[in-house]
Amino acid sequence: MQRLDVGSIVNAISDRDVRGILEQEGLRQERTISMLASENMLPLDGLLAQASPIANKTVEGFPGHRYHAGAAWVDALERLCIDRGKELFAAGYANVQPHSGSQANQVVFNALLDPGDRLLSMRLSDGGHLSHGAAINQSGKLYDVSSYGVDRETGLIDYDEFQRIARERRPKLIVAGGSAYPRIIDFKAMAAIAAETGALLLVDMAHFAGQVAAGRYPNPVPLADVVSTTTYKSLRGPRGGMILSRSKRVGRLVDRSLFPGFQGTPAMHQVAAKAICLGEARQPAFGDYIERALRLAAICCSRLQADGFRLLTGGTDTTMVMVDLSREHFTGRAAAEALERCGIIANQNAIPGDFRPPFEGSGLRLSTTAMAARGFDAATAAPVFDVVCGVLDSLRRDRPIDVADALRRIARLCDEHPAYAVNRQLEVA
């Protein structure tokens with residue numbers, strides 16, 4: 001029996017230039033700790049599925065209704081993925097073809113709206129997402145967009161403001177969910193206001209889908225007209241998107257919007273990895289991983305607050321931590337760059353009422369999902385948070401950062417928590 005590890009996938013590539021770059025990226029991932037909310041460590045099975053021969057297949061359309069022959073096994077794979085998505089999230093309909101979460105949102109808009117229709121979504125600076133109608137995004141150019149936001153004191157969604165705007169604007173579609181909101185969203189309240197104002201409700205659960213799958217965040221599928229998500233982030237699957245609904249009627253509109261409206265053939269190697277991801281999310285080990293990520297986020301919050309750093313909303317209900325640097329003399333970008341020099345990957349972010357440009361940002365967004373995927377627990381994560389707080393404190397006090405010491409500490413932790421451990425090798429004939 002030959003033993004195949006993750007390094008063997010890269011080593012098998014004959015193009016030396018490409019192989020060299022991929023090897024360096026693999027080393028970077030092994031030697032740094034990602035605290036990015038928008039990425040995770042894909043299990044080995046998911047990596048291998050995307051390198052399989054099914055990547056060769058072109059099949060426009062949907063199972064049983066393809067525009068190309070030779071689709072029997074592709075149909076079987078997509079049906080498996082659909083069934084797993086429906087079962088995991090208690091949905092009556094699932095579309096697993098979107099290439100990304102942003103594209104999934106555009107597909108939904110195209111299915112339910114006409115150009116110029118009214119859309120109500122969370123303000124980008126308050127935690128929303130570009131694809132929810134931001135002026136610089138295509139969605140903001142096609143639709144008549146209004147925004148709701150958060151209370152400036154608490155950082156929590158202002159449901160009274162949301163209701164007032166919904167009543168005034170009477171949008172055709174309301175969007176809940178965002179990319180930088182660390183608290184549980186009241187979907188019942190939003191669904192009630194949507195019903196009162198005659199609007200449809202879309203929930204984008206990209207950043208908390210893993211928690212929904214593990215029963216640690218309310219499932220929006222029974223309450224929303226349609227739900228979009230990515231399959232990476234907290235779900236720990238491949239790059240790509242998914243659309244869910246309790247309504248098969250909405251599903252038919254979404255199907256027609258996706259094909260022929262937005263994309264041709266789906267990336268079937270990606271669908272294979274999505275099926276693996278959705279299968280893994282049903283296992284007890286996935287729940288353990290989510291519990292660990294939530295615990296790490298709570299510990300991270302406590303550590304930052306103990307060092308005097310402000311957090312948006314005062315904490316988190318999720319695996320995301322939003323640090324408010326508006327009162328500091330350094331920006332979110334400066335913090336992210338300093339952390340990267342020390343082996344920790346994070347990103348700057350705008351915060352409500354931000355006076356700094358988005359590329360600089362007064363916020364620092366952190367997440368513990370990738371740490372949990374690598375096996376960090378409460379004890380072993382503490383030194384990581386020590387480095388984070390040490391870097392931020394040095395910036396605050398204008399003191400030199402001991403980068404060499406931080407890198408040594410992070411390297412030791414990475415060795416103890418490899419991204420792809422030897423004992424996860426796959427045996428092949």
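The second largest pocket of this predicted model holds about 560 Å³ of space. A pocket is here an open set of points on a 1 Å grid over the protein atoms alone, with protein on both sides within 12 Å along at least five of seven lines. Lining residues have an atom within 4 Å of a point. Grid points are joined across faces, edges and corners, and a volume is the space filled by probe spheres set on the points. The lining comprises 22 residues. Leu-124, Leu-130, Asn-349, Ala-350 and Pro-358 lie nearest the centre of the pocket. Strand β15 (residues 347–349) contributes the most to this lining, with three residues. Strands (E, at least two residues) and helices (H or I, at least four) are DSSP runs, numbered from the N terminus. By class, the lining has 10 nonpolar, nine polar and three charged residues. Ala, Val, Leu, Ile, Met, Phe, Trp, Tyr, Cys and Pro count as nonpolar, Asp, Glu, Lys and Arg as charged, and the others, Gly among them, as polar.

The model is predicted, so local features need pLDDT of at least 70, side-chain atom pairs count only at pLDDT 80 or more, and totals for chains, interfaces and linings use all residues. Residues are numbered from 1 along each chain as its sequence is written, and side-chain values use heavy atoms, with hydrogens and water left out.

Leu-124 and Leu-130 also belong to a surface feature. Together with Ile-136 they form a nonpolar patch with about 290 Å² of accessible area. Patches are made of residues with over 30% relative accessible area and no salt bridge; nonpolar side chains (Val, Leu, Ile, Met, Phe, Trp, Tyr) are joined within 5 Å, like charges within 9 Å. Accessible areas come from the Shrake-Rupley method with a 1.4 Å probe, and for residues only the protein chains shown count as cover. Leu-124 sits in the loop between β6 (118–122) and α6 (138–142). Its relative accessibility is 38%, so Leu-124 counts as partly exposed. Buried means under 20% relative accessible area, exposed over 50%, and partly exposed in between. Leu-47, in helix α3 (residues 44–49), is partly exposed because its relative accessibility is 28%.

Rolling a probe the size of a water molecule over the atoms shows where empty space is left. The structure holds three cavities of 30 Å³ or more. A cavity is a set of grid points where a 1.4 Å probe fits but cannot get out. The largest cavity holds about 70 Å³. Its lining has six nonpolar, six polar and no charged residues. Among them are Gly-177, Ser-179, Tyr-181, His-207, Phe-208 and Met-320. Ser-179 lies in the loop between β8 (173–176) and α8 (187–197). Its relative accessibility is 12%, so Ser-179 counts as buried. Ser-179 and Leu-130 are 49 residues apart along the chain, and their C-alpha atoms are separated by 9.0 Å.

Side chains of opposite charge can pair when their charged atoms come close. The whole structure has 25 salt bridges, each a side-chain nitrogen of Lys or Arg within 4 Å of a carboxyl oxygen of Asp or Glu. Helix α2 (residues 16–31) contains Glu-23 and Arg-19, four residues apart, about one turn of the helix. Their side chains meet at 3.9 Å, N to O. Arg-28 and Glu-25 also both lie in helix α2, three residues apart. The salt bridge between them spans 2.8 Å, N to O. Glu-23 is partly exposed at 31% relative accessibility, and Arg-19 at 21%. A further salt bridge links Asp-393 with Arg-399, the closest N and O atoms being 3.2 Å apart. Asp-393 is buried, with a relative accessible area of 14%, whereas Arg-399 is partly exposed at 44%. Elsewhere, salt bridges that share partners join Arg-123, Asp-126, Arg-152 and Glu-161 into one network.

Some backbone angles also stand out for report. A cis peptide bond joins Phe-259 and Pro-260, with omega about 15°. Pro-260 lies in the loop between α10 (248–258) and α11 (268–280). Ala-90 has a positive phi, near 55°, and is a residue other than glycine. Ala-90 lies in the loop between α4 (72–89) and β5 (93–95) and counts as exposed at 54% relative accessibility. Arg-236, not a glycine, has a positive phi of about 65°. Arg-236 lies in the loop between β10 (226–230) and β11 (241–245) and is buried, with a relative accessible area of 14%.

Key: Buried < 20%, exposed > 50% of the residue type's maximum accessible area, 1.4 Å probe, protein only.
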